[in-house]
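Please read the following account with the sequence and the coordinates open beside it.

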Amino acid sequence: MQHFVRIALAAILAAAVVGGAASAANAPEHVIKYRQNLMKAVGGHISNVALLVKGQVDFSAGLVTDSQAIVDLLKNAGIAFPEGTAEGKTKAKPEIWQDRAKFDAALEDTIGKAEALAVAAGGGDMAAVGAALGALGKSCGACHKSFRIKDE
Amino acid sequence: MPQVIPNQGRVVGRITLAAATVLAAAAAHAGDPERGAYLAAVAGCASCHTDFEHGGRHYAGGPPLLSDFGTFRAPNITFDPDHGIGKWSEDDFVQALKQGVSPAGQPYYPAFPYLSYALMTDQDARDLYAYFRTVEPVRESSPGHDLAFPFSVRTGLWAWRLLYFDPADDSLDTATRGGYLANALAHCGECHTPRNRFGALRRTKAMAGARLGDGDVAGNLTPDPETGLDWDAVDLRFFLQTGLTPDGDAAGGAMALVVEHSTGKMTPEDLDALVAWLQDLPPVRNTVKKPPSD
């Protein structure tokens, strides 16, 4: 019996610690930092694909990696906008949380365009890559227009 | 405003004269709707006259356009006779576009970029008319402007026109294709040239960047090394096509609409001309300041 109580107490204690750790993680400023890093990373990979499309570099060996990275990163973007992170040093508009379905749909559209870019990158036809990149850019812009506060 | 009334006659006289000139020329060539469709895209009509964000019908009226004077709403410009411009003749349309005066003789607010469109050729204006006649009419009125007094009183616009609208002004380049695109059709300066406190464009700082009514910044497009655009022609062309900056960021704000509906639809030749013209602008040092509340 005493043994059982001890195990139960330990379990409660463990739960409290984990719970405490969970509440310490995802502070709004860290979530904001995370999603800003994520978006910057996406931008870096898009910039690299664009450098190739524009003929400013000819490192076509990196094309598939960069394109796939955009898809993978964007698939993590949804979790980076939880409730309660509208305040602080962020350019995220409150509309993200006021109309979450619309935001999710906009992000889904962008992921779709990124996947199309990755497919085109695999095919290696640079005209197709350019067209897919253009479509991705428009999708990014549409989401920014609705959900990002413009700078300065 | 006693000095406004006698002047009004002079302006009306000038407009009548201009309209008569347009009328005489109109008989020469009928408008080409296909050319007009392209011109409507380049001129970015849809960006202001369609409320894309809320699923609005094409050209049935635009989203709120915020300014220092209040909120403007671009009207329904489909050819519905009651809610749009269905009763307009070609001359009415050309006068509205190039003179900024409605068929009823009312002056438009310069939120409608008629000072730019005044630089448009009559043939382009007629092609636009021919195109808009083919757009599906929409039977709904768009909400009107919501302006603060005294800007809500249109009569004041006659005085404004006397000060700031000179139809004979040829100081802006329209002789080159790039200049014609930038200054007349795509009216880049309406956002990228700063305005004075009466909302008139400051020509000495043409394309040198401005703060917009909604707080957004329209960047300095001149190649000033410190405050201007340092992109090369390839970057600039790619941006106008896709909205993607050299950093891989995507334009938001009004420029996203411009890329989607105007520059993104330009022919390769027009895009090249516009880029070359922009790169050739004299550098103007101008940093767009943050609003005082920041």
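In this predicted model, the crossing formed by H6(A) and H11(B) is left-handed. The two helices, H6(A) and helix H11 of chain B, the latter spanning residues 253–261, pack at an angle of about 145°, and their axes are 9 Å apart. On the H6(A) side the residues that take part are Lys138(A), Gly141(A), Ala142(A), His144(A) and Lys145(A), and they meet Gly253(B), Ala256(B), Val259(B) and Glu260(B) of H11(B).

Of the 152 residues in chain A, 33% are buried. When the contacts in chain A with a separation of 6 or more are considered, 71% of them are accounted for by residues 24 or more positions apart.

Chain B has another make-up, with a secondary structure that comes to 12 helices and 5 strands. Buried residues make up 43% of its 294 residues, and among its contacts between residues at least 6 apart in sequence, 63% join residues at least 24 apart. The chain is divided into domain 1, which consists of 4–63 + 76–164, and domain 2, which consists of 177–279.

How do the two domains of chain B meet, and what residues does domain 1 bring to that contact? In chain B, 15 residues of domain 1 are in contact with 18 residues of domain 2. Four helices of chain B each supply at least two residues of the domain 1 side, namely helix H2 (33–42), helix H3 (45–49), helix H5 (114–117) and helix H7 (156–164), and H2(B) gives the most to that side, with 3 residues. By class, the side of domain 1 of chain B that touches domain 2 of chain B has 12 nonpolar, 3 polar and no charged residues.

The strands of chain B deserve a separate look. Three of them, in the order S1-S2-S3, form an open sheet in which the pairing is antiparallel. The edge strands are S1 and S3 of chain B, each of which pairs on one side only. In general, the strands of a sheet pair through backbone hydrogen bonds, either parallel or antiparallel. Strand S1 of chain B, residues 64–67, and strand S2 of chain B, residues 70–73, pair in the antiparallel sense over 4 bridges, and S1(B) and S2(B) form a hairpin that has 2 residues between them. Within this pairing, Leu66(B) stands opposite Thr71(B) in S2(B). On to the next strand, S2(B) is joined by 2 bridges to strand S3 of chain B, residues 146–147, and these strands run antiparallel. Gly70(B) has Leu147(B) as its bridge partner in S3(B), while the bridge partner of Thr71(B) in S3(B) is Asp146(B).

A last stop in chain B is Glu226(B), which is found in the loop between strand S5 (217–218) and helix H10 (233–242) of chain B. Is Glu226(B) buried or exposed? Glu226(B) counts as exposed because 10 other C-beta atoms lie within 10 Å, and the class of exposed residues takes those with 12 or fewer such atoms. Glu226(B) and Glu90(B) are 136 residues apart along the chain, and their C-alpha atoms are separated by 46 Å.

Key
Residues are numbered from 1 along each chain as its sequence is written. Chains are lettered from A and ligands numbered from 1 in the order in which they are written. This is a predicted model: local features need pLDDT of at least 70, side-chain atom pairs count only at pLDDT 80 or more; totals for chains, interfaces and linings use all residues. A residue is buried if 20 or more other C-beta atoms lie within 10 Å of its own, exposed if 12 or fewer, and partly exposed in between; C-beta atoms are placed from the backbone. Two residues are in contact if their C-beta atoms, placed from the backbone, lie within 7 Å. Domain bounds come from an automatic or database domain assignment. Ala, Val, Leu, Ile, Met, Phe, Trp, Tyr, Cys and Pro count as nonpolar, Asp, Glu, Lys and Arg as charged, and the others, Gly among them, as polar. Axes are lines fitted to C-alpha atoms, for helices over the stretch in contact, and angles run from 0 to 180 degrees between N-to-C directions. A crossing is left-handed if the near helix is turned anticlockwise from the far one by less than a right angle, and right-handed if clockwise. Two strands pair if DSSP finds at least two bridges between them.
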